[in-house]
Amino acid sequence: MSDSHTESQERAPGRDRRRFPDISSRAYEHPADRSALVALRKLSGFDTVFKALSGLLPERSLRLLFLSDSVRVSERQFAHLHAMLLDACSILDLPKVPAMYVTQDPQPGAMCIGLDEPIIVVTTGLVELLDEEEMRAVVGHEVGHALSGHAVYRTILLFLTNMAMKVAWIPLGNIAVMAVVTALREWFRKSELSADRAGLLVGQDLRASMRGLMKIAGGNHLHEMNVDAFLAQAEEYEKGGDLRDSVLKIMNMLPRSHPFTTVRAAELKRWAESRDHQRIMDGHYPRRAQDKDASVSDSFRESANHYADSVRSSRDPLMGLVRDLAGGASDLGGKLRETFGGRGGGTPPKSPGGGQQDAPGS
């Protein structure tokens, strides 16, 4: 570890950046991600059970595949990525540097997988798309996954998704597996927000993180794009439309393992401007040595409070309806017709009894 850190410091970029000795992943994890991870870490025998699954999961096959058909990052191959990896592990104080591979794929992408030891994989499409500081944030993002232990759940998600396709012919079998896959995807979407924060802690350049997300969304055309306009898209997405659009947003999101790119950019900017981020940068953050004392109930309470705050502050029409229901809306039928049926769409008048008449069919 000391040799890796020495090399990391020797090859670090010229500008000064903070290191975070013994930082716990709880420092940057999204509340929903953190609560689930704290609970799992408290389960007796959790690691043993998942290591026992390694014979069933395709981890060994994946490792052999990347070793045989991709390029392993090292001092002699993709040396600039090797330096970034060592640098990221130094800043987040990751005890063991993961193996990293570059695989031929024009689609920009990266992942961190593995049960026993995480491995990081980036595609040639991503390497060719991003500049040095943008790529540094991505490498930090993947190292954040490794520090949090997300690689385990990513591997299980890949396995279950593959299983769902194989059991699709069994009555109800696919439904049962897909229910678990859907829950894991929701969890993993939150873990991506956590890893974006880790990437910012490594790169310590918010504009570079924003540029990287814009390029993933729109390609290598920075001269045609603008960060503020990109963030405005996220605001329009989050508050726009009616209840039909809210339902469509949910349906569009369900099959995805990552949040939408504009949403990730907006979430990261909010966190970068938060007191939590500033405290970490000032050196005030939870240490790994304290992880065993982390409270499951406190973590779930924080997660619940986060979702409650999200509902209260959201401008999405569906969240507005949830607030109305929680507050005891006196004219629920009218609100449903107004937001879901649209204005001026031939909506029948409210019944004298309080507007509980059904909305018209489409």
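Colleague: Hi! What should I know about the model and the numbering before we start?
Modeller: It is a predicted model, so local features need pLDDT of at least 70 and side-chain atom pairs count only at pLDDT 80 or more, while totals for chains, interfaces and linings use all residues. Residues are numbered from 1 along each chain as its sequence is written, and side-chain values use heavy atoms, with hydrogens and water left out.

Colleague: Good. How many salt bridges are there by your rule?
Modeller: The count is eleven. The rule asks for a side-chain nitrogen of Lys or Arg within 4 Å of a carboxyl oxygen of Asp or Glu.

Colleague: Which residue does arginine 136 form a salt bridge with?
Modeller: Its partner is aspartate 87, and the closest N and O atoms are 3.2 Å apart. Helices here are DSSP runs of H or I with at least four residues, strands are runs of E with at least two, and both are numbered from the N terminus.

Colleague: Is arginine 136 buried or exposed?
Modeller: Arginine 136 is buried, at a relative accessible area of 3%. Aspartate 87 is buried too, with 3% relative accessibility. The cut-offs are under 20% relative accessible area for buried, over 50% for exposed and partly exposed in between, using a 1.4 Å probe and protein chains only.

Colleague: Moving on to α13. Which residue does arginine 264 meet in a salt bridge?
Modeller: Aspartate 196, with 2.7 Å from N to O. Arginine 264 sits in α13 and aspartate 196 in helix α9 (residues 173-203), so the pair ties together parts that are 68 residues apart in sequence. Arginine 264 is buried at 10% relative accessible area, and aspartate 196 is buried at 7%.

Colleague: At what angle do α10 and α13 pack?
Modeller: Helix α10 (residues 206-218) packs against α13 at about 170°, with the axes 9 Å apart. The two helices are therefore roughly antiparallel. Axes are lines fitted to C-alpha atoms, for helices over the stretch in contact, and angles run from 0 to 180 degrees between N-to-C directions. Under 35 degrees counts as roughly parallel, over 145 as roughly antiparallel, 65 to 115 as roughly perpendicular and the rest as oblique.

Colleague: Which residues in α10 meet α13?
Modeller: Leu206, Ser209, Met210, Leu213 and Ala217 in α10 meet a set in α13 that includes Arg264, Leu268 and Lys269. Contact means heavy atoms within 4.5 Å.

Colleague: Now threonine 262, buried or exposed?
Modeller: Threonine 262 is buried, at 13% relative accessible area. Threonine 262 lies in helix α13 (residues 261-272). Apart from neighbours within four places in sequence, threonine 262 is in contact with Phe230, Gln233 and Ala234.

Colleague: How many aromatic pairs does the search find?
Modeller: Three in the whole structure. One of them is phenylalanine 20 with tyrosine 285, edge-to-face at 5.9 Å centre to centre and 80° between the planes. Rings of Phe, Tyr and Trp (its six-membered ring) pair if their centres lie within 6.5 Å; planes under 30 degrees apart are stacked, over 60 edge-to-face and the rest tilted. Both phenylalanine 20 and tyrosine 285 are buried.

Colleague: Last topic: what is phi at aspartate 22?
Modeller: Aspartate 22 has a positive phi of about 60° although it is not a glycine. Aspartate 22 is in the loop between α1 and α2. Aspartate 93 also has a positive phi, near 55°, and lies in the loop between α5 and β2. Most residues other than glycine have a negative phi.
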